[in-house]
Amino acid sequence: MNKVCAIFGGSRGIGRAVAQLMAQKGYRLAIIARNLEVAKAAAGDLGGNHLAFSCDVAKEHDVQNTFEEMEKHLGQVNFLVNAAGINRDSLLVRTKTEDMISQLNTNLLGSMLTCKAAMRTMIQQQGGSIVNVGSIIGLKGNSGQSVYSASKGGLVGFSRALAKEVARKKIRVNVVAPGFVHTDMTKDLKEEQLKKSIPLGRFGETIEVAHAIVFLLESPYITGHVLVVDGGLQLVV
Amino acid sequence: MASQLRLRSALALVTGAGSGIGRAVSARLAREGATVAACDVDGTAAQETVRLLDGSRSEEGAPGGNHAAFQADVSEARATRRLLEKVQASFSRPPSVVVSCAGITRDEFLLHMSEDDWDQVIDVNLKGIFLVTQAAAQALVSSGCHGSIINISSIVGKVGNIGQINYAASKAGVIGLTQTAARELGRHGIRCNSVLPGFIATPMTEKMPQKVKDKVIGMIPMGHWGNPEDVADVVAFLASEDSGYITGASVEVTGGLFM
């Protein structure tokens with residue numbers, strides 16, 4: 001099986017760290033983001049001949065076009081990482097409907113659309129591995145993150161159902177659930193305060209989540225699993 | 001994934017190393033550069049594991065110090081204390097990777113299970129892991145060393161299994177134990193995680209009636225049993241710094257069974 005991996009959300013944060021790790025391991029990568037320039041810059045930084053594509057994962061047409069382009073220029077995609085996510089924190093009573101829709105569309109619908117688009121090739125190729133980036137918030141909830149939590153929790157149900165659907169076709173589907181990780185998404189949090197409740201006493205780094213994602217992509221007997229990478233936080237929230 | 005040397009300079013203590021998952025774990029950790037202290041209640045089996053490790057090493061020219069075999073019944077407090085003392089004396093340091101694979105079954109339906117069968121399984125599978133985890137943690141904390149403690153539980157600990165009420169209870173206990181250890185030892189830089197294998201081809205599962213084995217395959221999404229190397233792959237990840245932000249986790253390696 002060739003080693004071509006598509007990383008949605010690969011230009012920044014966790015997705016970018018995954019790209020760095022996988023480039024080192026010899027995978028050929030498609031870095032996909034809404035902003036083509038940023039995606040190209042990220043692909044360029046990796047050295048080698050990795051490609052960049054622009055795509056809004058919430059738009060089915062965009063996603064289909066992107067997969068067609070990837071197949072044309074890179075070959076069959078057997079590894080997929082869904083790391084494109086947004087959050088719009090707000091207490092539910094103050095949440096705008098458009099923010100509900102955008103979080104659900106990007107975080108949940110987007111991952112479902114990319115998985116669907118990747119499925120035909122993976123079935124034909126008789127193999128594939130998918131990791132969807134969830135969150136411990138999707139498992140435990142958090143005040144001010146009810147919609148984010150729904151969008152990330154939904155990924156778990158989706159991934160497990162898909163895992164059962166395609167397991168016999170040698171395709172594995174897993175979820176990584178990070179806790180608090182140093183990225184643009186968490187830069188405004190009160191880290192000094194939050195650190196105190198985490199058993200490992202610190203936030204995580206994107207490279208640590210990336211290692212967990214690569215592990216799930218490659219470990220041969222794991223599917224339908226939610227791997228928590230959170231310094232022990234899930235035990236105390 | 002071969003050709004990774006993530007555990008160069010690590011000393012790993014593996015219990016239950018004489019067969020099955022414990023032996024595969026020992027081999028994988030050694031291949032990634034660890035020095036392995038292989039322990040089993042069957043001293044001869046532990047020695048055989050070390051022989052296999054030494055054999056592979058000389059074939060591949062791989063690095064790593066001298067692996068050693070130890071005999072101990074982990075359900076006995078004194079034996080476990082002595083085990084850690086001997087390991088520390090042999091290698092001049094405590095093990096920074098501790099993998100508890102030692103486990104037994106004494107299957108019987110609830111309505112007929114003897115007190116002895118209950119006690120033996122709890123003693124080896126749960127008390128044994130408590131004793132090893134405690135002794136290893138004491139050694140690591142007093143020498144200020146970081147570490148990774150990996151306890152082999154089972155998917156049966158999550159969902160139960162007909163005929164295995166003692167085994168299921170012991171393995172569920174391992175999860176609670178490991179989570180608590182993770183919370184207490186996080187401040188000392190010691191990570192603690194459980195691994196929950198499904199049906200893996202080892203001497204323990206060989207004993208299962210063929211009819212049951214055939215039925216089980218139909219329930220596994222991936223359609224086949226796992227092999228011990230699949231579990232060792234998970235243990236190697238948890239032992240290494242690649243999993244440096246993972247603690248208190250329960251990692252299932254089941255081919256999707258009972259997800």
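Two strands pair if DSSP finds at least two bridges between them. In this predicted model, strands β4 (residues 79-82) and β5 (residues 128-133) of chain A are joined by four bridges and run parallel. Within that pairing, A:N82 stands opposite A:N132 of β5(A).

**Strand β5 of chain A**
- Six of the six residues of β5(A) are buried, so the strand is largely enclosed by the rest of the structure.
- A:G128, A:I130 and A:N132 point one way from the strand.
- A:S129, A:V131 and A:V133 point the other way, and these too are buried.

**Helices α4 and α6 of chain B**
- Helix α4(B) spans residues 115-142, and helix α6(B) spans residues 165-185.
- They pack at an angle of about 15 degrees, with axes 9 Å apart.
- Angles under 35 degrees count as roughly parallel, and α4(B) and α6(B) are therefore roughly parallel to each other.
- Their crossing is right-handed.
- From α4(B), the contact residues include B:W118, B:I122, B:L126 and B:F130.
- From α6(B), they include B:Y167, B:V174, B:L177 and B:L185.
- By class, the residues of this contact are 13 nonpolar, five polar and two charged.

**Contact between chains A and B**
- 28 residues of chain A are in contact with 28 residues of chain B.
- On the chain A side, α6 (146-166), α8 (206-218) and β7 (226-229) each supply at least two residues.
- α8(A) gives the most to this side, with five residues.
- The chain A side has 13 nonpolar, 10 polar and five charged residues.

How values were computed. Residues numbered from 1 in each chain as written. Chains lettered and ligands numbered in written order. Predicted model: local features only at pLDDT ≥ 70, side-chain atom pairs only at ≥ 80, totals over all residues. Axes fitted to C-alpha atoms, helices over the stretch in contact; angles between N-to-C directions. Parallel < 35°, antiparallel > 145°, perpendicular 65-115°, else oblique. Left-handed = near helix turned anticlockwise from the far one by under 90°. Contact = placed C-beta atoms within 7 Å. Nonpolar A, V, L, I, M, F, W, Y, C, P; charged D, E, K, R; others polar. Buried ≥ 20, exposed ≤ 12 C-beta atoms within 10 Å, placed from the backbone.
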